[in-house]
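Please walk me through this protein structure. I have not seen it before and would like a plain account in running paragraphs.

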Amino acid sequence: MPDGVLSPLLSAVLDDPTLGGVIERAGAPLLELQGPIAARQLVAAVLAADAGAGKPVLAVTATGREADELTAALASLLGAGQVVNFPSWETLPHERLSPRADTVGRRLDVLHRLRGEDAPRAVVATVRSLIQPMAPGLGSLSPVELTVGEENEFEGVLDRLVELAYTRVDMVEKRGEFAVRGGILDVFPPTADHPYRVEFWGDEVSEIRAFAVADQRSLPGEIPAVHAPPCRELLLTPDVKDRARDLAQLHSADAHLAEMLTKLADGIPCEGMEALIPVLCAGELELLTDAMPEGAHVVLADPEKIRARAHDLVRTGQEFLEASWMTAAESGSGSRAPIDLGASAYRDLSEVAKHAGETNRPWWTLSQLTSEDSDVYRVTVEASPAYRGDFDRVAADLRAHLASGGSAVLVVAGHGTAERAVEQLSGAEVPATLAGSAFTVTAGVVTVACGGLVEGFVAPELGLVVLTESDLTGRGATATVSTRDLNTKMPSRRRNAVDPLALKAGDYVVHDQHGIGRFVEMVQRTVAGATREYLLLEYASSKRGHPGDRLYVPTDQLDEVSRYVGGELPTLNKLGGSDWKNTKAKARKAVKEIAAELVQLYAARQAAPGHPFGADSPWQRELEDAFPFVETTDQLAAIDEVKVDMERGVPMDRVICGDVG
């Protein structure tokens, strides 16, 4: 039985004879359903709840926002661990840009789970993921698993991380990187919130801790195990290197393509290498339906919108293929592309549907359009009314519905909002109760529960009405997706780090060792046979009457250069002079003086009386629950600390200034 917070609601829906008819028709290879868009979450949840072990449902939406909303709804009905969101690339298949490591990690993690014993009950994906071919065998790629107390050959772990496309660096700052210092391994899996610091005692994992990117300090809490999936969907295996080497010789006339293939043959990953998957991977490319177990159901919600989106993607992908690779073949191959990459192009939706049927993956569609066709099965679930803030009408309709023996459920996002809704309904003479961790749908009462439903519905056969916040207010609710948003940018170690592409000639910059200089241009230089890019900076002349001294800064040392943010026009420092050293000494002295003044100021504030505030009220919790964004761990910690100090009576100037820890 599903273990979601709204699983009692799903249990009631399972008794609907129309949805029971859907289950009876589950063996049909092609089934067209007719019903409101709100029924998509019910159809997918009912199929997932009734399906046998190892047969998850693939629910397809047109856009990423719809996928997030459907993921949140199914997670509330089936359980958070039973629903996964399969993300799509941010790039086109033939674009010379690689998808993000976190996106690839989440995709490969889902594919790996589909082959294991802990396969989810439902997979939610956009049509973009459905029609894009993938490299074969991605689900069989084994991640690096490190568990405290278990032995793993240290050098073997490092070699495996390199094989899985992790980049070895001196200090871990981004997902997909790892660093080694003695017997300590720092690794940042693409699916993790924070990097992990793994300590080895010989070949035994003795301790695992998470640490912050910003200051490299360990975070509280013990980590029992680390799961590190691959960072790329094209791994440089020996077979791939051999094919790249052969193709580099075959296409030596195309300089760019030959250079790209030569790097791959030498085991050097490069940007956009995923575009060459069709010619570097052995075997035929796979579709997402192939990764689903045989017999799994594919459900398309709003197929008309999905078809239009798929058509646009196919057209855009083809245009980009012609514009990118064909124009790159000006030398020697005329208007033809230097290499055939058509196998990775977006597939037509009808082709994907035919392939799913041939491989025993039943294909379902749920359309909002009415049809008199006898082959179309009608789900007698209706869309909930749109009240648009008219609470008097809401109360009148609910009173009438409950008086006739019906039942109702109101689903809201937060606990504070739920408490406020019970108060408002009770004040309008509508029987209402707040649902606990386990509840039943009771006739004659409105059950107010917390969950991720965005669209409400009415099931006449059951006498059941389900309303959501967006139905009542008319405003689109923000679904709280159970899966973590990995696209959140991690904090940087330097807030004013320089971007060489944003610099203009004459801009002032600061070098950590040499002080204030003026940016001249980006140049290429060949030193010891290696060609690299440098920032050319100009400093004050060391000799009177001579031009200014120049400093070449390699692009891999940009962390030592930052923008000048002072308000006045600065004076250029001299290379090798003492003026920059003296400037930093004066700054340190000024900081010490300011610190002494702050100590005196905080001592005075500590002695000042404060006003103790009360604990959070239901209105406060309602306001917090209505916040449409997800707070970070640091933000939540700061909020809790401020509240504690306010309740203790700490003076407000100390709280506002951040003197809370």
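**A walk through the model**

Ile594 is partly exposed, with a relative accessible area of 48%; by the cut-offs used here, buried means under 20% relative accessible area, exposed means over 50%, and partly exposed lies in between, with a 1.4 Å probe and protein chains only. Ile594 sits in helix H17, which covers residues 579–607. Helices (H or I, at least four residues) and strands (E, at least two) are DSSP runs, numbered from the N terminus. Together with Leu598 and Leu601, Ile594 makes a nonpolar surface patch of about 240 Å². A patch is made of residues with over 30% relative accessible area and no salt bridge, with like charges joined within 9 Å and nonpolar side chains (Val, Leu, Ile, Met, Phe, Trp, Tyr) joined within 5 Å. Accessible areas come from the Shrake-Rupley method with a 1.4 Å probe, and for residues only the protein chains shown count as cover.

The model is predicted: local features need pLDDT of at least 70, side-chain atom pairs count only at pLDDT 80 or more, and totals for chains, interfaces and linings use all residues. Residues are numbered from 1 along each chain as its sequence is written, and side-chain values use heavy atoms, with hydrogens and water left out.

Now the protein as a whole. The secondary structure comes to 20 helices and 25 strands. Of the 661 residues, 45% count as buried. The protein exposes about 33100 Å², and carbon and sulfur atoms supply 51% of that area. Among contacts (heavy atoms within 4.5 Å) between residues at least 6 apart in sequence, 69% join residues at least 24 apart.

Gly317 belongs to helix H12, residues 303–326, and is buried at 6% relative accessibility. Gly317 and Leu92 are 225 residues apart in sequence, yet their C-alpha atoms are 6.5 Å apart in space. Leaving aside neighbours within four places in sequence, Gly317 is in contact with His94 and Tyr346.

The loop between strand E12 (298–301) and H12 holds Asp302. Asp302 is buried, with a relative accessible area of 13%, and its phi is near 60 degrees, a positive value in a residue other than glycine. Most residues other than glycine have a negative phi. Ala165 also has a positive phi, near 75 degrees. Ala165 is placed in the loop between H7 and strand E6 (167–168) and counts as partly exposed at 22% relative accessibility.

Helix H7 (residues 154–163) contains Asp159, which is partly exposed with a relative accessible area of 46%. Asp159 gathers with Glu151, Glu153, Glu155, Asp203 and Glu204 in a surface patch of negative charge. In this count Lys and Arg are positive and Asp and Glu negative, while His and the chain ends are not counted. The place of a charge is taken as NZ of Lys, CZ of Arg, CG of Asp or CD of Glu.

Charged side chains also pair up. The structure holds 21 salt bridges, a salt bridge being a side-chain nitrogen of Lys or Arg within 4 Å of a carboxyl oxygen of Asp or Glu. In one of them, Asp186 pairs with Arg197, the closest N and O atoms being 2.9 Å apart. This pair links distant parts of the chain, with Asp186 in strand E8 (residues 184–187) and Arg197 in strand E9 (residues 196–201), 11 residues apart. Asp186 is buried, at 0% relative accessible area, and Arg197 is buried too, at 8%.

Arg209 and Glu199 form a salt bridge, their closest N and O atoms being 2.8 Å apart. Arg209 lies in strand E10 (residues 204–210) and Glu199 in strand E9, so the pair ties together parts that are 10 residues apart in sequence. Arg209 is buried, with a relative accessible area of 18%, whereas Glu199 counts as partly exposed at 23%.

What separates Glu259 and Lys263 in helix H9? The two are four residues apart in that helix (residues 255–265), and therefore about one helical turn apart. Glu259 is partly exposed at 45% relative accessibility, and Lys263 is partly exposed at 34%. Elsewhere, Arg40, Arg65, Glu69 and Glu455 are linked in a network of salt bridges.
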